[in-house]
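Subject: Model handover

Hello,

Please look through it before you read on.

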Amino acid sequence: MGALHEGHLSLVRQAAAENSDVFLSIYVNPTQFGINEDLDSYPKTWDADMEMLADVDSKLASTAGSGRISAVFAPTTITMYPTLPPSSEIPGKGSFVLITPLGNMLEGASRPVFFRGVATVCMKLFNIVKPDRVYFGQKDVQQTVVIRRMVEDFHLDTEVKIGATRREPDGLALSSRNVYLGSRRRRVATVLSQALKAAELQFVNGKRSRGDILWPANDVALSKALQQDELPAAMRARFEVDYISLADPDTLEEVDEVDETKGAILSGAIKMQPLEELQEGEDCGLGGDSMPVRLIDNIILKPSA
Ligand SMILES: Nc1ncnc2c1ncn2[C@@H]1O[C@H](COP(=O)(O)OP(=O)(O)OP(=O)(O)O)[C@@H](O)[C@H]1O
Ligand SMILES: CC(C)(CO)[C@@H](O)C(=O)[O-]
Ligand code: BAL
């Protein structure tokens, strides 16, 4: 969807290491945004994106055995939705790909049209480009599960590859939406990765039950929320936890116990609330820290070999 960052570029490099020709799509797909979501304000940085890609491509050119960026596909909406206009309504008019129940869980519970829009636009992109392999980031872990299911169920002739989540040094997962966070909300936003890390540590230390794994994550989130509540309005950045989940990697059903042979997906979503009171000269994010920002993150708990 553009507004490129190192997470996207890492997928390009991975694709170039494994293929001769890399196609990128840059398209902010309307149907995956709910009616009240940030479609209109979604960051668009086309010129900077092209510069970053030219820079990556010039380095690929001097890397022996590497593929190159062959094309950037940046379609118009009339190309992607040639008959009826894109709808974010439920039920909505149009041709859609539905992956249920996977698309209704976790992120889908808060964003009811999201995976319908993602599966639909990816089906279109796959049909147009006919890629041997498609590269997705682990940051959007449920998206990877939905796309894998779509590829299997519709017998699509493509291989799904997943690239690791790229992070800021303090753990925050890179996301195009991080530009909405001014420095105050940005500092508090690390709570999500810290909570998931605390849960992962339990797993690494041999814990397998849901309660044992998740309590430190909930504790980290609750302590941070209380700490913010106690600060004056001009200093705090409040957030709400949407979910912290320990789920089966294929079905995304919540698990009571991690099955050693399958591992699990530890994931979470928080909503950073708009700042209640700005300080003079405060370093604000895009939109003046006036919009809620939903952040997601996850860690895969790997099966034992
Ligand atoms: N931090 C990251 N590390 C690795 N891959 C990423 C990261 N962030 C995004 N991606 C992947 O890049 C691809 C394009 O994602 P997209 O354009 O939606 O960017 P995004 O930064 O995830 O934006 P958003 O803020 O809307 O979630 C997706 O496959 C996504 O999973
Ligand atoms: C898969 C995707 C390109 C569909 O618009 C988008 O959801 C994304 O970039 O993660
Ligand atoms: N990477 C996910 C795109 C979205 O949140 O709309």
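Some ground rules. This is a predicted model, in which local features need pLDDT of at least 70 and side-chain atom pairs count only at pLDDT 80 or more, while totals for chains, interfaces and linings use all residues. Residues are numbered from 1 along each chain as its sequence is written, and chains are lettered from A and ligands numbered from 1 in the order in which they are written.

**Between the domains**

Eleven residues of domain 1 are in contact with 13 residues of domain 2 (contact: C-beta atoms, placed from the backbone, within 7 Å). On the domain 1 side, α4 (107-110) and α6 (141-153) each supply at least two of the touching residues. The most come from α6, with three residues. By type, that side of domain 1 has six nonpolar, three polar and two charged residues. Here Ala, Val, Leu, Ile, Met, Phe, Trp, Tyr, Cys and Pro count as nonpolar, Asp, Glu, Lys and Arg as charged, and the others, Gly among them, as polar. Helices (H or I, at least four residues) and strands (E, at least two) are DSSP runs, numbered from the N terminus.

**The sheet**

Three strands form an open sheet in the order β5-β6-β7, with antiparallel pairing (pairing: at least two DSSP bridges between two strands). β5 (239-247) and β7 (293-301) are the edge strands, each with a single partner, so one side of each has no neighbour in the sheet. Strand β6 (residues 264-272) pairs with β7 over nine bridges, in the antiparallel sense. Ala269 stands opposite Ile296 in β7.

**Around ligand 2**

Which residues are around ligand 2? They are Met1, Asn29, Gln32, Val118, Val121, Cys122, Asp140 and Gln143 (near: C-beta atom, placed from the backbone, within 6 Å). Helix α5 (residues 114-129) gives the largest share of this shell, three residues. The shell divides into four nonpolar, three polar and one charged.

**One loop residue**

Glu89 sits in the loop between α3 (77-80) and α4. Glu89 counts as exposed because it has 11 C-beta neighbours inside 10 Å (buried: 20 or more other C-beta atoms within 10 Å; exposed: 12 or fewer; partly exposed: in between; C-beta atoms placed from the backbone). Glu89 and Ile35 are 54 residues apart in sequence, yet 7.3 Å apart in space, C-alpha to C-alpha.

Best wishes

Technical notes
Two residues are in contact if their C-beta atoms, placed from the backbone, lie within 7 Å.
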